[in-house]
Amino acid sequence: MKKAIIQGLALLLCCLLSAPSARAAVRDPEKEHLPVDFSDMEYTGFDAAALLDALSALRQTAASPAIQTENAGTRAELESLYRRILSEVDRLSTQSALIGIRYDANGADQAAAEESAALAELSAQVFDSCYSALRLLLDTPYQDIIQRDAGPDGIAFLREYQELTDRESLLYQEEERLIQAYDQAMAQPIQVTAGGRIWTEKSLSEDASLDGETYREIASLLEQARNRSAGELFLQLVRVRTEIAGENGYSNYADYAYQALYGRDYSTEDIQTVHQAAKRYWVPLESKLMDAGSSRDLRALEVRTRAGGDAILDAIQPYMDRIDPELAETFAFMRNYHLYDIAPGESKLPTGYTVSLPAYGTAFIFDSPYGDYQDYSTLIHEFGHFNEAFHSTEHDLWSQFHIDVGEIHSQGLEVLFTSCARDLFGSEGGRAFCWVTVSNMVSSVLEGCMYDEFQTAVYSDPDKSLEEVNRLFKDISEEYGYSYGPDEEESYFWVDVAHNFQSPMYYISYATSALSALDLWLQSLEDWDGAVDAYLELSAMGMSKPYREAVKAAGLRDIFQKGVMRQLAEGTQAGLSAYLSGADYSFQGRGIPSAGVLAAGGGAVVLIAAGALAGWRRRRTAALARAAETPWEFP
């Protein structure tokens, strides 16, 4: 668990029409949200002097005889020092977020890159110093000062915490350097020469005179060039991260990330059963979903979603109250203080995420929009993250990073919002929006499993060449439904997926959370109030519980139990078919047990980036081209 919280923080800095509003048994805790407009949140950098003084004073007190006996004066002093430490860490985290937003909004410019890297390095050092100092309060009469916030897990973490070695510090710096090199490489145009002409992705897309074969040949050359540019950085990152795992006592970075970074309550061995079930049941399901598509309804959706920026916020805002009044209040706060940047911009990096601003008790949504209906889904997704971060009272020093649960906060809100789709987008557009949302969840299951299997294989053999990595990805992706030409021996587009570089082993969280989000959606079709209660309970939990424990507490199914993956696939097909046809939402009499029946039969059943992926878009685009003019119908 050593340094898990530090790296978890870094990754976080890298979310029925007439039904009454539901009231969850667990509501969001009280928290102060400063009414400060984002335009007034100034990036000033971070002077660590005040924090270092507080840590020094705490160490002096801990080294004195006074630490061994209960004394009102000593307690007051330690309480004050602890509050100062928390406040300064909040300020550091907020400044790191602000420079990160500037970095992403300005095409990874060099000045912002240097500032961001410097704060990332400082954050690692500061957190290391905080843990080293605070652990001095363990087993003293003043341990309760930190235990109130840290909880049993935080106290256990402090007991085994070891300071960063010089070697580890260098490795983390090198990891950050390589990540930024990847960002900058992807922001630069790639050039290739073909037919006596220099081509870029932009010039290729603008040349309407090319025949199909020539277009594909040039596109392939550009893709290979991008792969070489980014792929070499990936190989270096794999080697650096393998060393980081070794420094922490792990032989494999995948196992290290699962346990130490993400705190998962399942292992890389456990998830293999989900991989296999995804290939067996969910690949055919995606094919059926694609074949059921209606291009007529999709065109209707495209017409109704020709908007951007605040127009999307205007469209979505009235419907938040239908799900829950407190969600509506949070959405209004976000808008009132402009805690978002969702407008198009040529200098923006192609990314979307939500980041906490703890010094203000708020958060911020950043997105580089596509300019179509995906921007509605992305905003809803990220607002799910925003709502959780906005209400979370966990301090960064003690925050848990159970991102599988965090992604249910975002994907769960997406599926619940389909209940508003017909009102917002009309009958045809609403059907298409629901189809897109559910299809996206199915793709998240497949993409999450695919990239997890790919990354696990790479980190199990970190000495692979780029050609071997490309072949490996091709072999694995074919098992998940991708197809290639007879002469294609390698696959190159995986470098477009930033998670492979920025946050390895994260991707499976999109699959686990999508499965639980779909389970939530199936429940909503029969018991809207119960589904909203479950969602709000998960949101109020934050990311404090690991995935399997959290979904059990919310009454959702355990995907690791035998038969559940198949049940969810079959239920998703039946549920979408019923929704699209306008029939009764209940599955009773359809040959598929209701969500409640499945949960009862299962035994023990009582959540910084959205948007379509390059490979997903490629496969989805081909599927949409086949979409029929006829009404929705599953083969």
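Modeller: A term to begin with: buried means under 20% relative accessible area, exposed over 50%, and partly exposed in between (1.4 Å probe, protein chains only). This is a predicted model, where local features need pLDDT of at least 70, side-chain atom pairs count only at pLDDT 80 or more, and totals for chains, interfaces and linings use all residues. Residues are numbered from 1 along each chain as its sequence is written, and side-chain values use heavy atoms, with hydrogens and water left out.

Colleague: Ser444, buried or exposed?
Modeller: Ser444 counts as buried because its relative accessibility is 14%. Ser444 is in helix α16 (residues 421–460); helices (H or I, at least four residues) and strands (E, at least two) are DSSP runs, numbered from the N terminus.

Colleague: And what is Ser444 in contact with, leaving aside neighbours within four places in sequence?
Modeller: Gln411, Tyr510, Ala511 and Ala514. Contact means heavy atoms within 4.5 Å.

Colleague: Now the sheet. What is the order of the three strands?
Modeller: The order is β3-β5-β4, in an open sheet with mixed pairing. Two strands pair if DSSP finds at least two bridges between them. β3 (340–341) and β4 (352–357) are the edge strands, each pairing on one side only.

Colleague: How many bridges join β4 to β5?
Modeller: Six, and the two strands run antiparallel. Val355 has Phe364 in β5 as its bridge partner.

Colleague: Last one: how far apart are Gln224 and Ser491 in space?
Modeller: They are 8.8 Å apart, C-alpha to C-alpha, and 267 residues apart in sequence. Gln224 lies in helix α8 (residues 212–247).
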